[in-house]
Amino acid sequence: LARASPLLGTLRELARRGASEAPAGPLGRASFLFCERPDAVAVGPLYAWSYLYYLSKYYELLDTVLQLLKGRPPPHFFL
């Protein structure tokens, strides 16, 4: 559950922001997903959750590298 919380928090804030956005552009309220305003400042819960999710990927990369250095197969490697 701890690994899923940044993702769930980000999805929750995306839904909240989408509901509060004014319908503008060809994608309507979802326009902010693809193109942020140039004057937008990265603040608020959406950015915090997104950044926490971003940082969690570095933890997963470090975990995989440590597993490889120990000679174990990488976790969840299905290629």
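Predicted model: local features only at pLDDT ≥ 70, side-chain atom pairs only at ≥ 80, totals over all residues.

Visitor: How many helices and strands does the chain have?
Guide: Going by those DSSP runs, the secondary structure is helical, with H1 at residues 5–20 and H2 at 45–69. The tally for the chain is two helices and zero strands.

Visitor: How far apart are the end C-alpha atoms of H1, and what should 16 residues span?
Guide: Helix H1 has 16 residues, and at 1.5 Å a residue they should span 22 Å. The model agrees with that, because the end C-alpha atoms of H1 sit 22 Å apart.

Visitor: And H2, how far does that one reach from its first C-alpha to its last?
Guide: H2 has 25 residues, for which 36 Å is expected at 1.5 Å a residue. The model comes close to that, with a reach of 37 Å.

Visitor: Which residues of H1 are buried, and what do they pack against?
Guide: The buried set in H1 is Pro6, Gly9, Thr10, Glu13, Arg17 and Gly18. Their arc around the axis is only 165°, so they are on the same side of H1. Turned away from that side is a face with the exposed residues Ala15 and Ala19. What the buried residues pack against is helix H2.

Visitor: Is glutamate 13 buried or exposed, and which residues share its salt-bridge network?
Guide: Glutamate 13 has a relative accessibility of 7%, so it counts as buried. A salt bridge joins it to arginine 12, with the closest N and O atoms 3.6 Å apart, and another joins it to arginine 16 at 3.0 Å, N to O. Both partners are partly exposed, arginine 12 at 48% relative accessible area and arginine 16 at 48% as well. The linked network is Arg12, Glu13 and Arg16.

Visitor: How far apart along helix H1 are arginine 16 and glutamate 13?
Guide: Side chains of opposite charge can pair when their charged atoms come close. In helix H1, arginine 16 and glutamate 13 are three residues apart, which means a separation of about one helical turn.

Visitor: How many salt bridges does that make in the count?
Guide: The rule asks for a side-chain nitrogen of Lys or Arg within 4 Å of a carboxyl oxygen of Asp or Glu. Glutamate 13 with arginine 12 qualifies at 3.6 Å, and lysine 57 with glutamate 60 qualifies at 3.2 Å. With arginine 16 and glutamate 13 also meeting, at 3.0 Å, the count comes to three.

Visitor: What does leucine 14 touch, leaving aside its neighbours within four places in sequence?
Guide: Leucine 14 has its place in helix H1 and, at 25% relative accessibility, counts as partly exposed. Leucine 33 is 19 residues away in sequence, yet the two C-alpha atoms are 8.5 Å apart. The contacts are Phe32, Leu33 and Leu46.

Visitor: How far apart in space are alanine 4 and tyrosine 53?
Guide: Alanine 4 lies in the segment before H1 and is partly exposed at 31% relative accessibility. In sequence, alanine 4 and tyrosine 53 are 49 residues apart. From C-alpha to C-alpha, the distance is 8.9 Å.

Visitor: How much accessible area does the nonpolar patch on the surface have?
Guide: The patch is formed by Tyr51, Tyr54, Leu55, Tyr58, Leu61, Leu62, Val65, Leu66 and Leu69. One of these, leucine 62, is found in helix H2. Together the patch residues have about 930 Å².

Visitor: Last one: what share of the chain's residues is buried?
Guide: The accessible surface of the chain is about 6500 Å², and 69% of that belongs to carbon and sulfur atoms. Of the 79 residues in the chain, the buried share is 15%.

Conventions
Residues numbered from 1 in each chain as written. Heavy atoms only, no water. Helix = DSSP H or I, 4+ residues; strand = E, 2+ residues; numbered from the N terminus. Expected span 1.5 Å × (residues − 1). Buried < 20%, exposed > 50% of the residue type's maximum accessible area, 1.4 Å probe, protein only. Arc of directions from axis to C-beta. Contact = heavy atoms within 4.5 Å. Patch = residues over 30% accessible without salt bridge, like charges linked within 9 Å, V, L, I, M, F, W, Y side chains within 5 Å. Areas by Shrake-Rupley, 256 points an atom, 1.4 Å probe, with all protein chains shown as cover.
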